[in-house]
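Thank you all for making time this morning.

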Amino acid sequence: MSHTVALVQARMSSTRLPGKVLLEIAGVPALLLVIERVRRARHVDEVVVLTSDDPSDDALAAFCADRGVRCHRGSLDDVLDRYRSAVEVLRPTTVVRITGDCPLLDPNVLDLVIERYRQHSPGVRYATNCSPPTFPDGLDCEVMDAEALLEAARTATLRFDREHVTPYVRKHFPKVNYGLVDEDWSQMRWTLDEPADLEFLRAIAQHVDVRTAGWREVVAALTQHPEILSINGQISRNEGAKSTLQADYVHTLQQQS
C-alpha cells in the first residue's frame, strides 16, 4: 500500500540566520507554519520533522515533542544520510522533501506535484516544481520514490549531493517537473534564509494570513504593495547550494593538481 511521508528538514545552526526555523512570523514559529501547511496537503499521509542529533537541535526536538509532532534525528552534516535513516525507520513508499524555511509553502501546489509524480509513476522516480522554477522561491517541493533515495544514500559521494539530498536522484533517475504555463514568478523570494527574508515575511504578514493564504493571495498582496519586494529582492536563489557546489569544484581541482 502506498504511504507518502513528508520529511520537513530543519536545523538550528543556520550560518546566515541561526535558529531561523523557530523565529516568529505574525506570532507563529516559522517551522509550525510549514508543518501546518504540509498537513493540509490531501496526498500527504504523515508529516515528520527531520533534524540532526547534534545538541544544537535539542530545542527543535523539544519543540516537536511539545506539539505532538513526530521528529526523527540523524546526521547534522550528511543530510542525505539523515533522510536514509528516516526512510529506514518510517518505511514510506514515497518521500516528500520539504525544507523548514518555507513558511508560505502552498499545500495545493504540493498536492499538484504529488499528482504529477503519481501520473507518471512507476516510470518516473522523482518530481518537483523547481526544475526549472516558475513558482516563487519558497514554494519548492520534491517528491521521490523512497527506494531511489536509498540508492542515492548508498552511492553518492560528493559533498554537494549529500548536503543537498536530491541532486543524485535528479541526475540518475527519470524525473518530471510541474510548472506554470505562460507564467514565471520565480524571481520572487519567499524563503527564510537571511535577516532580510525575515523582514520580508513579517512585512507580508501585515497583508495576508500567513497560516492560510494561498500563493496567489500572496502574489496579489505583493502586487498591491510592491515595495515589500525590495526588502530581500537582491538575494539570489539557492545561494547555499551554489557555495557548496563551488567548494566541491575547488576540492576536485586540488585533488587533480
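Predicted model: local features only at pLDDT ≥ 70, side-chain atom pairs only at ≥ 80, totals over all residues.

Let me start with the pair H3 and H5, which are oblique to each other, because angles under 35 degrees count as roughly parallel, over 145 as roughly antiparallel, 65 to 115 as roughly perpendicular and the rest as oblique. The angle at which H3 and H5 pack is about 135°, and their axes are 9 Å apart, where axes are lines fitted to C-alpha atoms, for helices over the stretch in contact, and angles run from 0 to 180 degrees between N-to-C directions. On the H3 side the contact is made by Leu 80, Tyr 83, Arg 84, Val 87 and Glu 88, and on the H5 side by Ala 146, Leu 149, Leu 150, Ala 152 and Ala 153; contact here means heavy atoms within 4.5 Å. These residues divide into eight nonpolar, no polar and two charged, with Ala, Val, Leu, Ile, Met, Phe, Trp, Tyr, Cys and Pro counted as nonpolar, Asp, Glu, Lys and Arg as charged, and the others, Gly among them, as polar.

Residues are numbered from 1 along each chain as its sequence is written, and side-chain values use heavy atoms, with hydrogens and water left out. Helices (H or I, at least four residues) and strands (E, at least two) are DSSP runs, numbered from the N terminus.

Staying with H5, which covers residues 146-155, the buried residues are Ala 146, Ala 148, Leu 149, Leu 150, Ala 152 and Ala 153; buried means under 20% relative accessible area, exposed over 50%, and partly exposed in between, with a 1.4 Å probe and protein chains only. Besides H3, the buried residues of H5 pack against strands S6 and S8 and helices H6 and H7.

Arg 42, in the loop between H1 and S4, counts as exposed because its relative accessibility is 59%. Its side chain is joined to that of Glu 115 by a polar contact of 3.2 Å, a polar contact being a pair of N or O atoms within 3.5 Å, where within protein one must be able to donate a hydrogen and the other to accept it, and residues adjacent in sequence count only if both atoms are side-chain atoms. Asp 193, in the loop between S9 and H8, counts as buried because its relative accessibility is 11%, and its side chain makes a polar contact of 2.7 Å with the side chain of Arg 16.

Finally, some backbone geometry. Most residues other than glycine have a negative phi, and most peptide bonds are trans. As for phi, Ala 26 has a positive value of about 55°, and Arg 91, in the loop between H3 and S6, has a positive phi near 55°.
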